[in-house]
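Here are my notes after a pass through the model you sent over.

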Amino acid sequence: MSLAGEGHLKIDWASAHMPVLNRIREQFEKEQPFKGLKVSICLHLEAKTAYLAKVVQAGGAEVTITGSNPLSTQDDVCAALVEDGITVYAKHNPGMDEFKQLIVKALETKPDLIIDDGSDFATILHGERPELAENIRGGAEETTTGIIRLKALQKDGILKFPMVAVNDAYCKYLFDNRYGTGQSAWDGIIRTTNLVVSGKTVVVVGYGWVGKGIAMRAKGLGASVVVTEVDPIRAVEAYMDGFKVLPMLEAAKIGEIFVAATGNKSVINGEHYAVMKSGALLANAGHFDVEVNKPDLAALAADIRTVRRNIEEYRLKDGRSLYLLAEGRLVNLAAADGHPAEIMDTTFALQALGLKYVNDNYKNLSKQVVNVPYELDEQVARFKLESLGVTIDSLSDEQKAYLDSWK
């Protein structure tokens, strides 16, 4: 608890740069949409997430929060939240068994609503502890990986409650996935390695919105960028954006920094390690630490040692060295502070409004993945423009009539 003071400073700094969320907090304080309800949150537990928890609390909720990644939890932020009356089950870098138990404890409060990241909550609720889902009206999911899991549950006909797909909202993926990850992934890589990016060959694995952002920022930093893809449409897009497109096995031969951004497993694996240059850096920007295949890497290694905080050197049996950043976990959060506050302002505004939407409509919503209503997406964008002092045009009645007519 002695760390709480530093945590409060971090949260205050974040909140000062989140004007949209501040506006929603004022709305929640007046309306009390969650009065008398329990809300459990599983997210990367740092300052911006902490402020989202405080906004939900301001709406009348009894809030419990846990971390969605063992390395991204910041202990000083946890302490500050406890001082503010929020229950916290999290600490930095617990063992994996303890990490899971902390997530379970957040569910044992039997929440009415949840905010999830990577479907960590949903997986436990639909697998090991279904009895903890009894009170849940619904929730909101943050990530691409989480939406994939939820849709699999829906496909199997076993999803127990409606979940709003915050990740699929325009104001999430256009800004958070692209500009947020694009900046924060490189923040983590540069902080951790203290090496130059300019002049190096960067391989971006996957050209979804996250991959687009990472590639764009790598290009801006002066790198030569190679993209690998399995989707032909995205591959054409990467090519038209000016990037070299290669199969992963060919890209592995020339890459110096590799960043995985697919949401899938083993996209960088043993056959790729076998042809990589000595000194190559391996980083992951996907939710789980499965994109860079660690067992394959360990199997090729004669020795493994930590050479710098968040950098493990794998000395291979043939004398080459490959460097894994942040244990293959999300490099932007495990090795840095995650997305900029201004970016998470819109994402967490969608989380807060999405949670309210579920609570207001859960009796009429099917047990499935639910899109964020466009009106909420547009509302967040308008709030953001107002906070930036930017005004835009409106359609005239004549223009609206023209667009609505077939004549």
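1. Let's start inside one helix. Asp187 and Arg191 pair up through their side chains in a salt bridge, with an N to O distance of 3.1 Å. Both belong to helix 8 (residues 170-193), and because they are four residues apart, about one helical turn separates them. Keep in mind throughout that this is a predicted model.

2. For the overall tally, searching the whole structure turns up 25 salt bridges.

3. Next, a pair that reaches across the sequence. The salt bridge between Glu386 and Arg23 has its closest N and O atoms 2.3 Å apart. Glu386 sits in helix 16 (residues 374-388) and Arg23 in helix 2 (residues 19-31), so this contact ties together parts that are 363 residues apart in sequence. Glu386 comes out at 48% relative accessibility, which makes it partly exposed. Arg23, at 36%, is partly exposed as well.

4. Lys54 and Asp84 make another salt bridge, and here the closest N and O atoms are 3.1 Å apart. This one also links distant parts of the chain: Lys54 is in helix 3 (residues 47-58), while Asp84 is in the loop between helix 4 (75-83) and strand 3 (87-89), 30 residues away.

5. Which side of the burial cut-off does Lys54 fall on? Its relative accessibility is 14%, so Lys54 counts as buried, given that buried means under 20%.

6. Val236, Tyr239, Met240 and Val245 make up a nonpolar surface patch of about 440 Å². Helix 10 (residues 232-240) is the biggest contributor, giving three residues to the patch.

7. Last, a word on Val245, which also belongs to that patch. Val245 is found in strand 9 (residues 244-245). With a relative accessible area of 30%, Val245 is partly exposed.

Notes: Residues are numbered from 1 along each chain as its sequence is written. This is a predicted model: local features need pLDDT of at least 70, side-chain atom pairs count only at pLDDT 80 or more; totals for chains, interfaces and linings use all residues. Side-chain values use heavy atoms; hydrogens and water are left out. A salt bridge is a side-chain nitrogen of Lys or Arg within 4 Å of a carboxyl oxygen of Asp or Glu. Helices (H or I, at least four residues) and strands (E, at least two) are DSSP runs, numbered from the N terminus. Buried means under 20% relative accessible area, exposed over 50%, partly exposed in between (1.4 Å probe, protein chains only). Patches are made of residues with over 30% relative accessible area and no salt bridge: like charges are joined within 9 Å, nonpolar side chains (Val, Leu, Ile, Met, Phe, Trp, Tyr) within 5 Å. Accessible areas come from the Shrake-Rupley method with a 1.4 Å probe; for residues, only the protein chains shown count as cover.
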